[in-house]
Amino acid sequence: MAALVPLRAAASAQSLLEDARTLAQTPFVAPPSELSAPFADLTYDSYRAIRPRAGAAAGVPLGERYAFDVLPPGLYFPEPLALEVPGEDGLPQGLDFSPALFDFAPRYFGEIPATSPGAGFSGMRLRYPLNAPDVMDEVLVIQGASYFRAIGQAMAYGLSARAVALGTGGAAPEEFPRFTRLRLLAPEGETARFEAVIDSPSLTGHLEARLTPGREALMRLRVTLFPRRDITDIGIAPLTSMYLKGPLRAAVSDDFRPRVHDSDALVIENGAGELLWRPISNPATLQTSAFGDTNPRSFGLYQNRREFIDYEDGEASYHRRPSARVAPVGDWGPGAVLLVEIPTENEFMDNIVAFWRPQAPLMAGGAYSFAYDLTWTLDPPPLAALRPVLQSRSGREHHLPGHRRFVVDFAGSPEGLVPDLSVSGAGAEVLGLSVHALPYGDFTRATFLLVPGAAKAAELRLVLRDEKGAPRSPVWLHRWTPPRGGGI
């Protein structure tokens, strides 16, 4: 390997799956989390001032088409991650950690010690000539707990994925299983490969993954879990995103931008072939929605607006942030897609999580495997012949206290369409439903009033049907809850 990263023989060349299985038979041992200089007590700015050194820890070749960077510890990432890469003989070789692999900006750092006891890598970046043949762009980042995120052409990093979630949205503190070992495998043509060991007090696990970059980033993954205890609150194929504000409830944030989010809708194709479209919200209190299903076909968090004018943010580039779609491989059986919406006052917190939860608990001593394809894309959801939802808006009806106006726009003409609207919630009702064409373009607007009354929550369900009753749009869903400060 033409690189300056120190190498040593890995403990074993066999798959890390067996290491994860063996680890589950032993009690959990918490990793060291106290760092010494120069990685201790870092601020956001000083952490960013540590850079992988070119020729040592940045741009390290991986096969003919890839390169990787290793990432330093500190700030939010104190726990060490053991990294392995293919050696010249093709066998896995461990990377030895050293502060000498990094450059430290003099503005924040003085003399750099030769060693930093207890420190280790926090993750890695994978590079590939994605947008130009002579530029090695980032295509994948793995860092923190079991988080990773990928991008395709012309994308900016946005939402993340995780290998597994545990206790998300529950009453008890969430547990964050983390990667303890990460092994990069020799690429196969244009496809990168890696595997990892997962560990936490409640489980161990193994992730194997293949990534093919391009216009979209296509990943094929398999996660195998070995519970140390019976687990009922698991999250499979979790996606984590951010939603601060949008036109469904713009008053959440006094902001010059019309939209601030990495994703604005959960889209589910359930096992019965029904397509659900659930706009994301930033509620006043934590909300968890469960969409029961058997053998889901796909679910994903989508960024549906793709023009700069939709966000008016030249720095964050929200219009270039990808959507991510999970497509199970094989039968996942009965369970539910869960959407967790956490209140936030700013855009710096990932407050949206979507994942699959099996109906049956994962039992201690068992082994459970889930395979799926994960696509990072700028494309809209695949809807077949259904009319896509273009936007969802709401606002108070100022001359009618206690009423809230909802507007849902669809593509295409309203001719021959019949709206089907229902609401659930004690005492809640909907009034004034109508569907009409907009005065420009080929668009349909459905609008109605919600009168929640004394309801603490109201579940809305809207679908456009043809004259024979067949759906011609996704099923639009929304959970209304009282906003911050009361009112409707």
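**View 1. The second largest cavity of the predicted model.** About 110 Å³ of space lies in the second largest cavity of this predicted model. Its lining is made up of 14 residues, and R249, S281, H478, R479 and T481 are those that lie nearest the centre of the cavity. Strands β29 (404-411) and β34 (475-480) are the elements that give two or more residues to this lining, with the largest share, 3 residues, coming from β34. Sorted by class, the lining of the second largest cavity holds 4 nonpolar, 5 polar and 5 charged residues.

**View 2. The largest cavity.** A search of the whole structure finds 4 cavities of 30 Å³ or more, and the largest cavity has a volume of about 170 Å³. Of the 17 residues that line the largest cavity, P247, D264, P279, Q391 and S392 lie nearest its centre. Two or more lining residues are given by each of the elements β21 (275-279) and β28 (389-396), and β28 provides the largest share, 4 residues. The lining of the largest cavity divides into 9 nonpolar, 5 polar and 3 charged residues.

**View 3. The largest nonpolar core and a separate one.** The largest nonpolar core has 83 residues, and those with the most contacts inside this core are F68, L126, L140, F148, M219, L374 and W376. Strand β16 (residues 217-227) gives the most to the core, with 5 residues.

**View 4. The surroundings of F68.** Not counting residues up to four places away in sequence, F68 touches A57, A58, G59, V60, P61, L62, V85, L95, M124, R125, L126 and L184.

Terms used:
Residues numbered from 1 in each chain as written. Predicted model: local features only at pLDDT ≥ 70, side-chain atom pairs only at ≥ 80, totals over all residues. Heavy atoms only, no water. Core = buried A, V, L, I, M, F, W, Y, C linked by side-chain atoms within 4.5 Å. Buried < 20%, exposed > 50% of the residue type's maximum accessible area, 1.4 Å probe, protein only. Contact = heavy atoms within 4.5 Å. 1 Å grid on protein atoms, 1.4 Å probe; cavity = no way out; pocket = protein on both sides within 12 Å on 5 of 7 lines; lining within 4 Å. Points joined across faces, edges and corners; volume = space filled by probe spheres on them. Nonpolar A, V, L, I, M, F, W, Y, C, P; charged D, E, K, R; others polar.
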